[in-house]
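Me: I would like to go through the labels on this structure and the cut-offs behind them. Please show it.

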Amino acid sequence: MSYLQLAIPSPLRRLFDYRPPAGCSPEQLSPGVRVKVPFGRREVTGILINVTQHSEVPPDKLKPAIAVLDTTPPMPESILKLARWAANYYQHPLGDALSQALPVLLRKGDPCEYAHQHLWRSTPGADIAQLGKTAARQRELLLLLLEHPNGISEDAIRAEGGQTPLLKKLADKGLAESFIHNTDHHHHSDQPLHEAPLTLNTEQQQAVNAITATPGFKSFLLQGVTGSGKTEVYLQAIEHFIRQGKQALILVPEIGLTPQTVARFKARFNLPVVVLHSNLTDRQRLDAWLQAREGTARIIIGTRSAIFTPLKSPGVIFIDEEHDTSFKQQDGFRYNARDLAVMRANVEQIPVVLGTATPAIESLYNAQQGRYHWLKLNQRAGNARAPEFELLDIRQQPLQDGLSAPLVAQIRHHLQQGTQVLIFLNRRGFAPTLMCHDCGWLADCKRCDAHMTLHRKPFHLHCHHCDSQRPVPIKCDSCGSTELKPVGAGTERTEEALQKLFPSVPVIRVDRDTTQRKNAMQQIMDRVHQGLPCILIGTQMLAKGHHFPKVTLVAILNADSGLFSADFRGMERTAQLILQVAGRAGRADHPGKVVMQTHHADHPTITSLVTEGYQAFAEQELGQRIAAYLPPSIHCAMFRAEASHPGVAERFLGTLRNRLESDILQPQGIQWLGPLPSPMEKRAGLFRAQLVLQCRDRKNLHQQLHNIIREAEDDPDTRKVRWSVDVDPVDMF
Ligand SMILES: Nc1ncnc2c1ncn2[C@@H]1O[C@H](COP(=O)(O)OP(=O)(O)OP(=O)(O)O)[C@@H](O)[C@H]1O
Ligand SMILES: [Zn+2]
């Protein structure tokens, strides 16, 4: 007897055996096909890993599978391999990892085919007279089919008011049949370009040459200062692969925020460009996935999860803004799409390019170690020059809604010159919190160790950590005073202040609250690109690769905010954010100026950043990391746990550590840090703790993680505690 060994989406880190469904010959099944099975009280879609002759479970205890859903595996071998590798590396249950690599409809067990592939038509010779007079709805349906001799999809039938459940009745009577329509998605074009490419400068040309020179696997770090024309390098390198009949995959941090990048790809190529954005329906996503798999989509642009998109003839992978932390999934399957891209390129034997002005310290380290081939663009493209920096010391300067008087004067000056101003403030809402002037009470979140943010439109208190909301109190919770005052300034407040200061100039706010509607970002971009003087005020959304030719002044209101973070990456993030925002200034013919308000104008990091640039900062930072025994010079993983009572999660982690540390066979060289309460211990009503493991040797670290997971799974306390493991964490909270 043969059994099916399946990976099932569940938290359990093991495979499950099933008997084959009736009438199925397991030897003919390929690994990777989907199998529908009973699992607990549910039916789930598993993936076939193996057919085996032997099961640990007695045969009479094994349940039969319900159905095999595919004749050929939906995921090509390369994606299966990638997902399996990732499950292993990130210590995530295989079934869940494989499931996440599939489009949602395939996870649910839908057929692996295009929406309009499955059509209905009347059988030859079918006649309305064959239906009785009483079957009015069946007659209507048959008439509809007769009107569409080439076939009609179920979606279209429903749209016409037809009742699809009756199709089966017609089929049973021999009047209707379904068939598979082979849609011709093929798009042939001898001329792959819509528009002529720009003439590259020397640095750009060298980069394109390097990327396109060698066939096979190679990783590149393309470090190009802001405005150096990295996108043009992507476009021309992609053109090379397209002309060879291949496909390109481009990962970007957030598509909604970068409509311009997508528009540039569509404007350049006279070829199907598929964009996997969050507004797609599950159906549209599956269609796009199929087009990529069949090779009809030639250019695929997507966010993190697009790394699992199958490609018929992969040519090249680009990661734009590779330093962006959104490439790392922060819950569940905690993979890093940037690192998986390198792995994938290796599996597919193609080049991969990580592009940014501000490389992650990890990537810089990899480039220094020779693992990545290092390409540099040191000059801005075209006529643009690097912006000039000014540190504005605001110690003892009064701030009006976050703005100092010298800054307001500069804003006025630039607007009078007829250009645009961009103001960066990394706090949305009206004010970071509300305080009682009489007793010092602060509006805290009841479920988190955090203050609630005051929002004006609509007027309420909002916790940005757990999303809970409540009305703004009229009196202090503690002393009853009515003297409640907003503390500090968020984007809403500074927007109001700017509008009062400059009543004749449009003030455009860009943050999560103003960009939620579909196409909101596009509309904002369109307004800015009209080129009339305006003030843009917003959060880090403004830092993401935008090209604003008319912006000449960039102001950073709270440049210090990340300097003293508890996370060892706080400095790196601050530096990246500052340079990315600053990089929006002076990108075209007008020179740019960057003003940074700071209380630490003599802080060595800030000064070296503005005088010597990112590279000097990053090298210094890397040196300190190596000296302090921190990533990337060592490997790191974090165990997190949370429970509804204080102390429980910490105790749980402490027990794990004690048990493993006392094991004489434990792998060498493991450093333990913690358990400690998380920097924000209480969040969304749960008390959290963390345990960090570090090691120079990746293998030993993984061995120890494996041991901990086994211990944790067997621990009787696991019912009281939720735990997770994060390999290569990007945030230490
Ligand atoms: N060779 C070139 N000649 C003239 N203009 C160019 C050239 N290459 C790029 N540009 C223009 O320079 C501007 C900036 O380019 P791009 O947006 O690609 O920069 P970037 O390196 O991606 O910047 P960032 O990292 O800030 O997003 C664009 O308007 C682009 O069209
Ligand atoms: Zn909260």
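Reply: First, a term: two residues touch, or are in contact, if their C-beta atoms, placed from the backbone, lie within 7 Å. This is a predicted model: local features need pLDDT of at least 70, side-chain atom pairs count only at pLDDT 80 or more, and totals for chains, interfaces and linings use all residues. Residues are numbered from 1 along each chain as its sequence is written, with chains lettered from A and ligands numbered from 1 in the order in which they are written.

Me: Which residues does C476 touch, not counting residues up to four places away in sequence?

Reply: C436, D438, C439, W441, S481 and L484.

Me: Why does C476 count as buried?

Reply: Buried requires 20 or more other C-beta atoms within 10 Å of a residue's own; exposed means 12 or fewer, and partly exposed lies in between, with C-beta atoms placed from the backbone. C476 has 21 such neighbours, so the label is buried.

Me: Why is C439 called partly exposed?

Reply: C439 has 13 other C-beta atoms within 10 Å, so C439 falls in the partly exposed class.

Me: Which residues does the UniProt annotation "binding site" cover?

Reply: The unreviewed UniProt entry lists C436, C439, C476 and C479. They span 44 residues in sequence, yet no two of their C-alpha atoms are more than 8.6 Å apart, so they gather at one spot. UniProt positions follow the numbering used here, feature names are shortened, and annotations may be inferred rather than shown by experiment.
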